[in-house]
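Let's take a look at this protein, starting with one residue and then stepping back to the whole chain.

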Amino acid sequence: MNKEIKIGRKVISENSPAYIVAEMSANHNMDFNRAKEIIKAAKESGADAVKIQTYTPDTITIDSDMPAFRTKGIWEGRTLYELYGKAYTPWEWQNDLKSYADELGIDLFSSPFDPTAVDFLEKMDVPAYKIASFEINDIPLIKKIAKLGKPIIISTGIAYLEDIDLAIRTCIEAGNDNVILLKCISSYPAPYEDMNLRVIPNMKETFDCICGLSDHTLGTEIAVAATALGSKMVEKHFTLRRSDGGEDSQFSMEPAEFEKMVTEIRNVEKALGKVSYMPNAGQIESRIYSRSLFVVKDIKAGEVITEDNVRSIRPGIGMHTKYYEQILGQKARCDIAKGTPMDWKYIG
């Protein structure tokens, strides 16, 4: 697969650096200026993009107190409607936030949660769309987005294999194969033992598309490991300070942590390099310090070469050690001084 997918300022491919996304989510805490601060901090921390979410409580659920609409986990005790009422990003902010991101030179796109959000975001001319993991089975929504022809990023958090396959086929049938799949665990925070990062290269092979990680674990190591396994997109929740609170603060990175992760990812990418067994220039130069055969005691002409007077030692400028057993028992052609690199011309 040699596909290239362009999002904003960057081209994502199997040969490109990972595209790193800071997920703002609810961490703006309903403060427009804080949202702008998050975008700026994400840019300064090395993110390629900031992702927001486009919904209202009424576009994503209904106001009901029935058991099915009660939240669990870290948000337990509220209805979905109450949670989303505190977590959503006001739509009247979003165009200004994108303009601000454009000024700073960082991409901004969103996860829409219903058709009206898609229409709204299209007027903003976002460079890509993200399908949240809980929307992977919203086939009409995926089809509508896919028909726009822009890159479509799909999180696989709650998906069965057939859900991923159906989402991919829906995009392709709509004429859009610019799909990036993200391995994801929809737990907040996600336990390390549930991550199964080996799925990432398998997912790439199975669906023949660019793959990455939407990471809800704490710390940097899982994102770095995913990069080593071939992730070309990494998404992490991002906040200014966890101590400020907010619906997603518990599993979000602060700027210094995010910057550390970006640095580690970029270092790993450099270290991954390419498949080559040829030593680099420095390694070739260092070969002189490897092993070779040397005369370690003075040898007189006609004297037998033995384990006592020729050994494999450093440096590596003498005869190759593979000839050691071949020269043992042979006679020296001339006097050979201790410290002389062994050579065929001295034998016979």
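Which backbone oxygen lies 3.2 Å from a polar atom of the side chain of Ser110? That would be the backbone oxygen of Ile52, a polar contact (a pair of N or O atoms within 3.5 Å, one able to donate a hydrogen and the other to accept it).

A quick word on where this comes from: the model is predicted, local features need pLDDT of at least 70, side-chain atom pairs count only at pLDDT 80 or more, and totals for chains use all residues. Residues are numbered from 1 along each chain, and side-chain values use heavy atoms, with hydrogens and water left out.

Back to Ser110, which sits in strand E5, residues 107-112 (strands are DSSP runs of at least two E residues, helices of at least four H or I, numbered from the N terminus). Ser110 is buried, at 0% relative accessible area (buried means under 20%, with a 1.4 Å probe and protein chains only). Leaving out residues up to four places away in sequence, Ser110 touches Lys51, Ile52, Gln53, Thr54, Leu121, Ala128, Tyr129 and Lys130 (contact means heavy atoms within 4.5 Å).

Now the whole chain. The protein chain has 12 helices and 12 strands. Its radius of gyration, taken over C-alpha atoms, is well over what the globule rule (2.2 Å times the number of residues to the power 0.38) gives for 348 residues, so the chain is more spread out than a compact globule.

| Property of the protein chain | Value |
|---|---|
| Radius of gyration | 30 Å |

Buried residues make up 46% of the 348.

How values were computed:
Buried < 20%, exposed > 50% of the residue type's maximum accessible area, 1.4 Å probe, protein only.
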